[in-house]
Amino acid sequence: MDWGNVTAEDLLDALREVDWSSPPRPLSEFFSKFTFPRSSSKWNSRLKCNLYYYRTNYFTLIVSVLILGFLRRPLAIVAAFLTALSIAFLNDSFAGTFSEKVSRTVRRFSPHLAAKMRPPLTPVIRGRPSSKRAIYICGQPRWVFVLMSSSASFFLWFVSAGLLTVLWALAIGLLATILHASFRTPNLKARLNTFREEFRAVWRNYSEL
């Protein structure tokens, strides 16, 4: 895959659809080899490749920096968690996994309530499922959970007055992420993982036909 031809919009779409449940890469691999990119095009490709391949490591890094910044503001930690949750709900894989686990837990106590949390049937057009499949969480449209979590986080940010703290912590986390993604040399596993994800996407689109 030529990461130089991948736009920022394509990268965001891939990060939104990819599975985030995989554990972070080992630290021995994460801090393995660093080199200076030879050109701006090489840097552009390396940055996108590493952001995609080490996405879980970068997410863990940013969350850890935020937690360290909020040790003196417990309420801001809850606000940061709700903010991260509202962003995570935008990922299709996370939304589906979250809905499935919540429904499975509710089914143990109330099967009737769990039945109401099932998503509506996918509309069928000319004998085929609609390609624009809406994402539901616990039987409700995804935007409901995004709106609820983001509204609660905004209120907690206002009450805790920790917005300046999160901006500094977020800036440090993002700077560390960009520096690592810029100088970490992509290895063979990163390239193979990219091709594997491409094959899964093509097979998924083929199976929907």
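Does Cys138 count as buried or exposed? I find Cys138 buried, because its relative accessibility is 11% and buried means under 20% relative accessible area, exposed over 50% and partly exposed in between, with a 1.4 Å probe and protein chains only. I note that this is a predicted model, in which local features need pLDDT of at least 70 and side-chain atom pairs count only at pLDDT 80 or more, while totals for chains, interfaces and linings use all residues. Residues are numbered from 1 along each chain as its sequence is written, and side-chain values use heavy atoms, with hydrogens and water left out.

I placed Cys138 in the loop between strand E3 (136-137) and strand E4 (140-141), strands being DSSP runs of at least two residues (E) and helices of at least four (H or I), numbered from the N terminus. Its phi is near 55 degrees, a positive value in a residue other than glycine.

Next I looked up aromatic pairs, where rings of Phe, Tyr and Trp (its six-membered ring) have centres within 6.5 Å, and planes under 30 degrees apart count as stacked, over 60 as edge-to-face and the rest as tilted. The count comes to ten aromatic pairs. Among them, Phe36 and Phe183 are tilted, because their centres are 5.7 Å apart and their planes are at 45 degrees. Phe36 lies in the loop between helix H2 (27-30) and helix H3 (40-53) and Phe183 in helix H9 (residues 163-183), so the pair ties together parts 147 residues apart in sequence. I recorded Phe36 as exposed at 65% and Phe183 as partly exposed at 29%.
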